[in-house]
Amino acid sequence: SYSMLNRRKVKFVFNQRVTIKNGEINNRPFDFILDCRGLGAKKEQLLRGVRGEVARLYAPEVNLTRPVRLMHPRYPIYIAPKPNNEYVIGATEIESQDSGPATVRSTLELLSAAYTVHSGFAEGRLLGVQTGLRPAF
Ligand SMILES: Cc1cc2nc3c(=O)[nH]c(=O)nc-3n(C[C@H](O)[C@H](O)[C@H](O)COP(=O)(O)OP(=O)(O)OC[C@H]3O[C@@H](n4cnc5c(N)ncnc54)[C@H](O)[C@@H]3O)c2cc1C
C-alpha cells in the first residue's frame, strides 16, 4: 500500500505529465520503467484505440444476479448486475480513434440486446452512456 511504500522511501510524484524515451522518464534514466499511460503512450508506442461504449441502467424489474454474455454478430455484449438494481451493458469494440459521445447505432444495439435478454429492461431508466478508448497494439 501507499504507506508501506512510503516507509520504504519510494518517492511519489503526482500530477506530472511524462515522456518516456530510451529508458528515460522526462530525460532522467531509470533501471525499470512500467508505462501505465494507456493511450497516453500512443506517440512513443505502436498503440491504437479500440473504442468502447457502455450503458448504465436502473431496472428494478430485472432479476439477473450474474453477468450474462451474449453471442452477438457484431459485439461481444455483456450485462453486468450492479448493486441497487443497476446494470451495466457493454461494451462495443470499434476500431476508431474517436473518443466522442456514444452514437445512436451503438446505443440502440446495446439497449436492444439487453431488452432481448430480459423484457424487464423495457421500463428501465437510462442512467448514462460512457465511451472510452482501449489501448491496443
Ligand atoms: C467502454 C469500456 C468498457 C470497459 N470494460 C471493461 C471491463 O468490463 N472490465 C475490464 O477489466 N476492463 C474494461 N475496460 C478496460 C479498462 O477500462 C482498462 O483496461 C483500464 O482502464 C486500464 O487501466 P489503466 O490504469 O491501465 O489505464 P487508464 O485507465 O487508461 O489510465 C491511464 C492513466 O495515465 C494517464 N496518462 C496518460 N498519458 C500520460 C502522460 N503522458 N503523463 C502522465 N500521465 C498520463 C491518464 O491520465 C490516465 O490517468 C473497458 C474499457 C472501455 C473503454
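Q: What is the relative accessibility of Leu-111, and how does it count?
A: Leu-111 has a relative accessibility of 27% and counts as partly exposed, a class that lies between buried (under 20% relative accessible area) and exposed (over 50%), computed with a 1.4 Å probe and protein chains only. This is a predicted model, in which local features need pLDDT of at least 70 and side-chain atom pairs count only at pLDDT 80 or more, while totals for chains, interfaces and linings use all residues. Residues are numbered from 1 along each chain as its sequence is written, and side-chain values use heavy atoms, with hydrogens and water left out.

Q: OK, and where is Leu-111 found?
A: Leu-111 is in helix H2, residues 104–117, where helices (H or I, at least four residues) and strands (E, at least two) are DSSP runs numbered from the N terminus.

Q: Which residues is Leu-111 in contact with, sequence neighbours aside?
A: Beyond four places in sequence, Leu-111 is in contact (heavy atoms within 4.5 Å) with Ala-55, Leu-57 and Leu-126.

Q: How far is Val-54 from Leu-111?
A: The two residues are 57 apart in sequence, and their C-alpha atoms are 9.8 Å apart in space.

Q: Switching to Arg-37, where is that one?
A: Arg-37 sits in the loop between strand E3 (28–29) and strand E4 (48–58).

Q: What does Arg-37 touch there?
A: Not counting residues up to four places away in sequence, Arg-37 touches Val-18, Thr-19, Ile-20 and Glu-44.

Q: And what joins the side chains of Arg-37 and Glu-44?
A: They are joined by a polar contact of 2.9 Å.

Definitions and conventions:
Polar contact = N/O pair within 3.5 Å; in protein donor to acceptor, adjacent residues only side chain to side chain.
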